[in-house]
Amino acid sequence: MSERTVPGSPDQLSAALEGTGYLADEGLATAAHLALAMHRPLFLEGEAGVGKTALAQALAQITDRPLYRLQCYEGLEASQALYDWDFGRQLLHLRAAEAAHAADDPARLEASLYDRRFLLARPLLQALEDAPSVLLVDEVDRADDEFEAFLLEILSDFTISIPELGTVRAEIPPLVVLTSNRTREVHDALKRRCLYHWLAHPDFDREVAILRRRLPQVTEQLARQVARATATLRTLDLLKPPGVAEAMDWATALHTLGARDLDPDLAARTLGAVLKYREDTERVRSLTPEALLGG
């Protein structure tokens, strides 16, 4: 599907997403449709593994746009998100100029050092230059307050000023998808700039449908049992409740072992596919098979 045939309604968008293997409910499809139609960033919040990042990837696929991903972390600086200069290549250029006796005009030499070919574009600049595009700002809640304020400025007008080269402005604003696992509260100013949607864990039927769609080799019986057991795990107040991604890993691991259904022995042996903390694993191992598998 090309940029010229962007889905014209939430239902059409939902159908297009389903074609990529992403099953969106009505609320999420509506939020994504409005983000495309209104050129507004989409802020997705929810537990890890519920499909926030996967939605951005699916949207890039159905709109035939390049995807640029900025992974946020504590200490992330603007230069790592915007652009940087390739100092190694600049130094080689300087030495070549000196060897060719081209350093007689310092002003001209300095200007040549800041040519576009020496600029290393990072995700934010890439997304603006390669319009239209999809910009994924992943786990923005892990970045510092200062970076959050900087990001708000970029999203306000989709322009970046490069002192040595001038201003870069997106001809078509990128579709911006920001995700947060809510490790901390993101400032209201950034949220107000965006359309907001909370992604919850899918209900049982939707999770079974996701497993069957993404993992067609897995039997329906196994998909239903994994979905039921995963839903049980999410009620146990674990350090890291499993998301859809972990449910898919678990079903894949079980299928790899030749399972057609989820028996207690296999469930215990494959917990490492769905649980990522020792404390969580020990707690689940203490459950009876009936408690884990729903009888």
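## Terms and model

On a 1 Å grid over the protein atoms alone, a pocket is an open set of points with protein on both sides within 12 Å along at least five of seven lines, while a cavity is a set of points where a 1.4 Å probe fits but cannot get out; lining residues have an atom within 4 Å of a point. Grid points are joined across faces, edges and corners, and a volume is the space filled by probe spheres set on the points.

The model is predicted: local features need pLDDT of at least 70, side-chain atom pairs count only at pLDDT 80 or more, and totals for chains, interfaces and linings use all residues. Residues are numbered from 1 along each chain as its sequence is written, and side-chain values use heavy atoms, with hydrogens and water left out.

## The chain as a whole

The chain has 15 helices and nine strands. Helices (H or I, at least four residues) and strands (E, at least two) are DSSP runs, numbered from the N terminus. The C-alpha trace spans about 85 × 40 × 35 Å along its principal axes.

Of the 295 residues in the chain, 46% are buried, where buried means under 20% relative accessible area (1.4 Å probe, protein chains only). Among contacts (heavy atoms within 4.5 Å) with a separation of 6 or more, 75% join residues 24 or more positions apart.

## The sheet

Five strands form an open sheet in the order S2-S5-S8-S1-S9, with parallel pairing. Two strands pair if DSSP finds at least two bridges between them. At the edges are S2 (67-71) and S9 (195-199), each of which pairs on one side only. On average, neighbouring strands of this sheet are turned by 20° against each other, direction ignored.

Helix H2 (residues 26-38) packs on the sheet and touches S1, S8 and S9; its direction makes about 155° with that of S9. For such angles, axes are lines fitted to C-alpha atoms, for helices over the stretch in contact, and angles run from 0 to 180 degrees between N-to-C directions.

## Strand S8

Strand S8 (residues 175-180) pairs with strand S1 (residues 42-46) in the parallel sense over four bridges. Here Leu42 has Val177 as its bridge partner, and Glu45 stands opposite Ser180. Strand S5 (residues 134-138) also pairs with S8 in the parallel sense over four bridges, with Leu135 opposite Val176.

In a regular strand the side chains alternate between the two faces of the sheet. In S8, Leu175, Val177 and Thr179 point one way, and Val176, Leu178 and Ser180 the other way. Six of the six residues of S8 are buried, so the strand is largely enclosed by the rest of the structure.

## Pockets and cavity

The largest pocket has a volume of about 720 Å³. Its lining has 38 residues, and the closest to its centre are Tyr22, Val50, Gly51, Lys52 and Ala54. Helix H3 (52-63) is one of the elements that give two or more residues to this lining; H3 gives the most, with six. By class, the lining has 16 nonpolar, 12 polar and 10 charged residues. Ala, Val, Leu, Ile, Met, Phe, Trp, Tyr, Cys and Pro count as nonpolar, Asp, Glu, Lys and Arg as charged, and the others, Gly among them, as polar.

The second largest pocket has a volume of about 170 Å³, and its lining residues include Glu47, Arg142, Lys240 and Tyr277. A search of the whole structure finds one cavity of 30 Å³ or more. Among the residues that line the largest cavity are His39, Arg65 and Leu175.

Technical notes. Buried < 20%, exposed > 50% of the residue type's maximum accessible area, 1.4 Å probe, protein only.
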